[in-house]
Amino acid sequence: MTRIALIAHDDEKPEMIDLVESYQSYLSTVDIVCTGTTGQRIAEATGLEVERKQSGPLGGDMEIGAEAANDRIDGIVFLRDPLTAQPHEPDISALLRICDVHDTPLATTRTSAEYVLEGLAREDGHDL
């Protein structure tokens with residue numbers, strides 16, 4: 001089954017919820033893994049079942065990176081706040097590098113997220 005990771009910095013969480021609601025019919029057919037607070041907010045807003053890792057600053061980004069490194073993630077949507085310094089920036093950089101090394105599709109904006117989700121949906125035989 002397709003496995004998609006969803007991560008969002010605090011200022012981007014409302015955008016993530018809106019994105020998930022827009023693609024809920026497809027996302028309800030895949031395994032979703034999230035960092036802690038993002039996963040909680042998605043589950044509360046949509047009722048979707050999500051696997052929650054630690055919060056990003058507590059290691060959640062690295063947990064998802066480990067799954068990508070082991071080819072257990074088919075795509076990642078990471079809505080980042082590019083204007084706010086993050087205390088766990090080294091973890092974020094490592095996650096981005098792992099995606100590059102393992103050729104894991106990664107979206108960091110709403111527009112690129114839509115392309116990644118639509119591409120994965122097509123591979124799964126869904127017509128969005």
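In this predicted model, Val-20 lies in helix α1, which spans residues 13-22. Its relative accessibility is 1%, so Val-20 counts as buried, the cut-off being under 20%. Beyond its neighbours up to four places away in sequence, Val-20 touches Leu-6, Leu-27, Ile-42, Thr-46 and Leu-48. Lys-53 stands 33 residues from Val-20 in sequence. The C-alpha atoms of Val-20 and Lys-53 are 18 Å apart.

Asp-61 is listed by UniProt under "active site", in an unreviewed entry. This residue belongs to helix α4, residues 60-69. Asp-61 has a relative accessibility of 1% and therefore counts as buried. With residues up to four places away in sequence set aside, the contacts of Asp-61 are Ile-7, Thr-35, Gly-56, Phe-78, His-88, Asp-91, Ile-92 and Leu-95.

The protein chain contains six helices and five strands. Their order along the sequence is β-α-α-β-α-β-α-β-α-β-α. For 128 residues, a compact globule would have a radius of gyration near 14 Å; the value for the protein chain is 13 Å, so the two agree. Along the principal axes, the C-alpha atoms fill a box of roughly 40 × 30 × 25 Å. Of the 128 residues, 46% are buried. Among contacts between residues at least 6 apart in sequence, 69% join residues at least 24 apart.

The accessible surface of the protein chain is about 6,500 Å². Carbon and sulfur atoms account for 44% of that surface. The protein chain carries 10 positive and 25 negative charges.

Notes:
Residues numbered from 1 in each chain as written. Predicted model: local features only at pLDDT ≥ 70, side-chain atom pairs only at ≥ 80, totals over all residues. Heavy atoms only, no water. UniProt positions renumbered as here; feature names shortened; annotations may be inferred. Helix = DSSP H or I, 4+ residues; strand = E, 2+ residues; numbered from the N terminus. Buried < 20%, exposed > 50% of the residue type's maximum accessible area, 1.4 Å probe, protein only. Contact = heavy atoms within 4.5 Å. Rg over C-alpha atoms; globule rule 2.2 N^0.38 Å. Areas by Shrake-Rupley, 256 points an atom, 1.4 Å probe, with all protein chains shown as cover. Lys, Arg positive; Asp, Glu negative; His and termini not counted. Charge placed at Lys NZ, Arg CZ, Asp CG, Glu CD.
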